[in-house]
Amino acid sequence: MNFPSELKYTEDHEWIRIEGDTAVIGITEHAQNELGDIVYVDINTVGEALGKGDVFGSVEAVKTVSDLFIPVAGTVLEVNEELDAEPELVNSDPYGRGWMVKISLANPGDEDGLLSAEQYQEFIGA
């Protein structure tokens, strides 16, 4: 399993990559593996200011639906529109083309409390 060291992780299995005052967010390889084949991604929070831990959307797999939690406070700027036609990108490339949202950070530094790649691996028992 892949755990890119430049990312931060949550105990809810989201990852975040900080790019200046914005961030890209998706779900981890572990999460998509546990969910199985992703068949639908439902995110309709563009323009919304969300607090850390708020639900920003959901993913539907063959067997279950799972909420997506924003790891830091911010405003949703963009949703990955590729996922409308190809939700399976979350399975095949969770850290690349399978990203879910881009946000503007409300409180730069919020990510400091998130897990490193090593801490996340320890958390899931990898």
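Predicted model: local features only at pLDDT ≥ 70, side-chain atom pairs only at ≥ 80, totals over all residues.
Which loop holds H13? H13 lies in the loop between β1 and β2.

View 1. Residues are numbered from 1 along each chain as its sequence is written, and side-chain values use heavy atoms, with hydrogens and water left out. H13 is not a glycine, yet its phi is positive, at about 75°. Most residues other than glycine have a negative phi. The relative accessible area of H13 is 21%, so H13 is partly exposed. Buried means under 20% relative accessible area, exposed over 50%, and partly exposed in between (1.4 Å probe, protein chains only).

**View 2. The whole chain.** The protein chain holds 4 helices and 9 strands. Helices (H or I, at least four residues) and strands (E, at least two) are DSSP runs, numbered from the N terminus. The order from the N terminus is β-β-β-α-β-β-β-β-β-α-α-β-α. The radius of gyration is 13 Å, close to the 14 Å of the globule rule for 126 residues, so the chain is as compact as a globular protein of that length. That radius is taken over C-alpha atoms, and the rule is 2.2 Å times the number of residues to the power 0.38. The C-alpha trace spans about 35 × 35 × 20 Å along its principal axes. Of the 126 residues, 45% are buried. Take contacts between residues at least 6 apart in sequence: 60% join residues at least 24 apart. Contact means heavy atoms within 4.5 Å.

**View 3. The open sheet and its β5 edge.** The sheet has 6 strands in the order β1-β2-β3-β9-β8-β5, with antiparallel pairing. Its edge strands are β1 (8-9) and β5 (49-50), and each pairs on one side only. Two strands pair if DSSP finds at least two bridges between them. Strand β5 is joined to β8 (residues 74-79) by 2 bridges, and the two run antiparallel. L50 stands opposite G74 in β8.

**View 4. The Y9 and Y120 stack.** The structure holds 3 aromatic pairs. Rings of Phe, Tyr and Trp (its six-membered ring) pair if their centres lie within 6.5 Å; planes under 30 degrees apart count as stacked, over 60 as edge-to-face and the rest as tilted. The ring centres of Y9 and Y120 are 5.0 Å apart and the planes stand at 15°, so this pair is stacked. Y9 belongs to strand β1 and Y120 to helix α4 (residues 117-124), so the pair ties together parts 111 residues apart in sequence. Both Y9 and Y120 are buried. Ring pairs link F3, Y9 and Y120 into a cluster.

**View 5. The tilted W15 and Y95 pair.** W15 and Y95 form a tilted aromatic pair, 5.9 Å centre to centre with 55° between the planes. W15 lies in strand β2 (residues 14-19) and Y95 in the loop between α3 (89-92) and β9 (101-105), so the pair ties together parts 80 residues apart in sequence. Both W15 and Y95 are buried.

**View 6. A charge over W99.** The charged end of K102 sits over the ring of W99, 5.0 Å from its centre. The criterion is NZ of Lys or CZ of Arg within 6 Å of the ring centre and within 35 degrees of the ring normal.

**View 7. The E88 loop.** E88 is in the loop between α2 (82-85) and α3. Its relative accessibility is 40%, so E88 counts as partly exposed. E88 and A61 are 27 residues apart along the chain, and their C-alpha atoms are separated by 9.6 Å.
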